Structure formats: C-alpha cells, structure tokens
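The sequence and structure come first.

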Amino acid sequence: MDTEIKNAVSATDQDAQYDDKAKRLLGNKIILAHILVKTVDEFRGMNPKDVVSYIEGEPFISVVPVEPGLTNMEKEESGQRIAGMNTENAEINEGLIRFDIIFYVRIRDGISQVIVNVEAQKDEPTGYHILNRAVFYVSRLVSSQKERDFVKTNYNDIRRVFSIWVCMGMDESSMAYVHLAKDDLLGSYSWKGGLDLLNIVLIGISNELPEHDERYELHRLLSTLLSMELTVDEKLGIIEKEYSIVVDDRIREDVSAMCNLSQGIREAEKVKIIMNMHRDGYSSEKIARIVEKTIEEVEAVIRKREPVSA
C-alpha cells in the first residue's frame, strides 16, 4: 500500500479512536451530571453527585441511529409489543449517523422525564452550520418518541428534549441556549402547550484551559477531559482535586488512552508539516526550528517517507 495512503488510514483510525474515547468519557454519569447542572434549570445549583441518581439506566453511546425510521425498534415480550431505542443491528446499520450520547433523566419531581443528547465536536464544522444540525437532532428526538414515549395523538405526553453540543477548538469559551419563544402578533391569547419542549445548548470550548472560575466551571472540566495537550496526571489531578470526581478504572483507562492517541495525532500532524515544508524546499534546520525537533529527527522523518529513487 502507498505510504501516503497508509499514513492517512492510520491518522483516520487514530481520530476515530480519539472520538470514541471522548464519547466514553463524556458518557460517564458523573460527567453528564456536571453538564446537566449547568444546562438544565431543574438541576441548577445541585451537587452533581446527587444528580447522578436521576440519570436512568446506562447512557446509549454511539449506538442509536439518527436517521428517520431507525431510531426506534420494536420487539415482543410476553406477547406484548414494546418500543424502545434501536441499539441492535449495529452491523446491519453500519455507516449510519448515530447520536453520540443519549439518555433519559428523571426530573426532581419524580414524575417527569426528559431526553438528553450530548454531541462532541473537535471543532466547528465548515461544511454546514452546527445550529442547523442541532435543530435536526432535537427534532428527531421529539418525532422519534411517537409510539415509544407517546401513542396515537397523546401529544401532551411528549418528553422535553435537550441536545447539548460541546464544540472544541473555538476562539473563546461560550455557551448559548436556543429554545422556542412566542411572540403575540395580534391579541394575547394564551395558547396551551409546552414552549420548553425543544432545547439546544451550544458549548464552545477554547484551546486554552480556562481559569478555575465559577463561570467557566463546566468549560474547565470539559476542556480538561478533551484536551490534547494535558498529560494523564494533569487531567486526573484536575478532575479529582477540583471537581471531587472519583477516578475509577474506566475513567483512568479512557483518559490514558486519549492522551496516547493525542500524542499520536500530534506527531502525525508534525510529520505532515515536515514533509510539506521539505517538498517546498525548506532546509532541515528551518523545519527543525518550526516543529521543535532536532535536525536528526527531521531528516529521519524525511528519509522514511521520501520515495526511493529507481
């Protein structure tokens, strides 16, 4: 196989593995609880440890298709038809777009449920507007409830939905809340229904780790977890000491794997820069200064990837 293709495949695989680990980390209930405390009014001000118990079952991570008609599945138990999230047929539906993380949360009144979707993006997409995609996702979270969470025309049983987007690599730390609003154009009739059914939260994470400040508490946690610069010990130290999160084996393993993958991705980027600069005629000395490697390391990269002359 051509070296360029091999490198591209390797880089893509590393990116895919990094994304998978990122979703697994965000899918930990204690991390989701921290997100809920900062994004859902009913949990605001609560201790995230107390919120964990309101998350029902285990979150679905990269298993529920977004596509219309495939989000739900039907099966029979004891002669009864039961509708639920489609988490089977992963191989049959391979290649489909899936929700990153999706789960049910019981609100503090003990009765109401909301459906929460969390999506992680390494940067802001260039091929489409992220808000447009979020609108599609939140709409799917509502429409897919028919025959699962409400039946026939029982529209009053629709669960509230939240689609929360964590976007890395932004110019600044930010958070925006997008929701329905009613403007009275004529008269002031009080139309019955839930303006709070559709909720989108857009969280922008800058490249620099925010200060440990109450306003940026969630941003600092997410930035720490998803950082490609911090070491394993630095990450674990922050989440343990500043957020009192108990680091279990799963979190430790995923953080360690992410850091190793991050190192691999950074090295792959440096190799790409070295080869591009070499082909543009830059000297090994200048390349070494820019990529912060020794001249010997730069020349070793070039020798390994330059095609052998016939």
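Predicted model: local features only at pLDDT ≥ 70, side-chain atom pairs only at ≥ 80, totals over all residues.

Strands β1 and β4 pair in the antiparallel sense, over 4 bridges. Within this pairing, Ile61 has Ile101 of β4 as its bridge partner.

β4 itself spans residues 101–106 and is mostly covered, with 5 of its 6 residues buried. β5 also pairs with β6, in the parallel sense and over 8 bridges. The bridge partner of Val118 in β6 is Ile164. Strand β6 covers residues 160–170, and because 9 of its 11 residues are buried, it is largely enclosed by the rest of the structure.

The pairings are collected below.

| Strands | Sense | Bridges |
|---|---|---|
| β1 and β4 | antiparallel | 4 bridges |
| β5 and β6 | parallel | 8 bridges |

For the protein chain as a whole, the secondary structure comes to 9 helices and 8 strands. The chain has 310 residues, of which 40% count as buried. When contacts between residues at least 6 apart in sequence are considered, 62% of them join residues at least 24 apart.

Aromatic rings are the next topic. A pair of aromatic rings is described by the distance of the centres and the angle of the planes. How many aromatic pairs does a search of the whole structure find? The search returns 6. One of them joins Phe43 and Tyr54: the ring centres are 5.7 Å apart and the planes stand at 55°, so the pair is tilted. This pair links distant parts of the chain, with Phe43 in the loop between α2 (29–39) and α3 (48–51) and Tyr54 in the loop between α3 and β1 (55–61), 11 residues apart. Phe43 is buried, at a relative accessible area of 0%, whereas Tyr54 counts as partly exposed at 22% relative accessibility.

The rings of Phe150 and Tyr155 also form a tilted pair, because their centres lie 5.5 Å apart and their planes are at 50°. Phe150 is buried, with a relative accessible area of 5%. Tyr155, at 47% relative accessibility, is partly exposed. Elsewhere, Phe99, Phe136, Tyr137 and Trp165 form one aromatic cluster.

The pocket description starts from a probe calculation. Rolling a probe the size of a water molecule over the atoms shows where empty space is left. The second largest pocket has a volume of about 260 Å³. Its lining consists of 15 residues, and Asn156, Ile158, Arg159, Arg160 and Leu197 are those nearest the centre of the pocket. By residue class, the lining of the second largest pocket divides into 6 nonpolar, 5 polar and 4 charged residues.

The last item is a single side chain. Is His34 buried or exposed? With a relative accessible area of 11%, His34 is buried, because the value falls under the 20% limit. His34 is placed in helix α2. Leaving aside residues up to four places away in sequence, His34 touches Pro48, Leu218, Leu221, Tyr243 and Ile245.

Notes:
Residues numbered from 1 in each chain as written. Heavy atoms only, no water. Phe/Tyr/Trp six-rings, centres within 6.5 Å; stacked < 30°, edge-to-face > 60°. Helix = DSSP H or I, 4+ residues; strand = E, 2+ residues; numbered from the N terminus. Buried < 20%, exposed > 50% of the residue type's maximum accessible area, 1.4 Å probe, protein only. 1 Å grid on protein atoms, 1.4 Å probe; cavity = no way out; pocket = protein on both sides within 12 Å on 5 of 7 lines; lining within 4 Å. Points joined across faces, edges and corners; volume = space filled by probe spheres on them. Nonpolar A, V, L, I, M, F, W, Y, C, P; charged D, E, K, R; others polar. Pairing = 2+ DSSP bridges. Contact = heavy atoms within 4.5 Å.
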